[in-house]
Amino acid sequence: MTGFLDKLAVWLNGPASPAPAPPRAEPPAPAVSADDPRLPDASRPLVARLLALIADIEARSQGDALMVSALTEVRQMRDSHLPRLIESYAEIPPAHRAEIFRQTGRSASYNLNQGFERMIERVETLSRTLAQGDLDSFADNLKFIETRYGKDDPLR
């Protein structure tokens, strides 16, 4: 039970200030890099491109609640799907990778790169979709400038 002096102290000092918000956690570093020694040389540029596209979406989506879905998807791709794909490739003993070719008509590294390219296509599609609002806004602004200051400007 609070006494008169406690109530007076709250009244004079105001309500207790809320606890400071914990510092924002930085996104974790990718579990995979383009320099991963398990990757074939031809795969390294694809992984680098994929990671760069994901980082771009992360940077663009900071603080934008509408981008939570895209952010969740690319983080899942980076933190789970990409490492799992690389791990499953690396677990195939090199002496047995030729069996992949016999089964599919394509080498294991070709199939790996196809997987990376599909992931890149998905992230590029997400990026275009996210940029559509900015593109529309820019087009609207151009239309306004043309109407306001173009050849039909009534003040000319």
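Predicted model: local features only at pLDDT ≥ 70, side-chain atom pairs only at ≥ 80, totals over all residues.
**Whole protein.** The protein contains five helices and zero strands, so its elements read α-α-α-α-α from the N terminus on. Of the 156 residues in the protein, 24% are buried. Contacts also reach across the sequence: among those between residues at least 6 apart, 63% join residues at least 24 apart.

**Helix α5.** Select residues 108–149. This is helix α5, with 42 residues. From its first C-alpha to its last it reaches 59 Å, close to the 62 Å expected at 1.5 Å a residue. Then centre the view on Gln-132, where α5 bends by about 35 degrees.

**The buried side of the tour.** Which residues of α5 are buried? Select Ala-108, Leu-112, Asn-113, Gly-115, Phe-116, Met-119, Ile-120, Val-123, Leu-126 and Ser-127. Next, colour α2 (44–61), α3 (68–90) and α4 (97–104), which are included in what covers these buried residues.

**The surface patch.** Select Phe-144, Ile-145 and Tyr-149, which make a nonpolar surface patch of about 320 Å². Phe-144 is found in helix α5. Why does Phe-144 count as partly exposed? Its relative accessibility is 47%, and partly exposed covers the range between buried, under 20%, and exposed, over 50%.

Conventions
Residues numbered from 1 in each chain as written. Heavy atoms only, no water. Helix = DSSP H or I, 4+ residues; strand = E, 2+ residues; numbered from the N terminus. Buried < 20%, exposed > 50% of the residue type's maximum accessible area, 1.4 Å probe, protein only. Contact = heavy atoms within 4.5 Å. Expected span 1.5 Å × (residues − 1). Bend = angle between axes of the 7 residues up to and from the residue. Patch = residues over 30% accessible without salt bridge, like charges linked within 9 Å, V, L, I, M, F, W, Y side chains within 5 Å. Areas by Shrake-Rupley, 256 points an atom, 1.4 Å probe, with all protein chains shown as cover. Salt bridge = Lys/Arg side-chain N within 4 Å of Asp/Glu carboxyl O.
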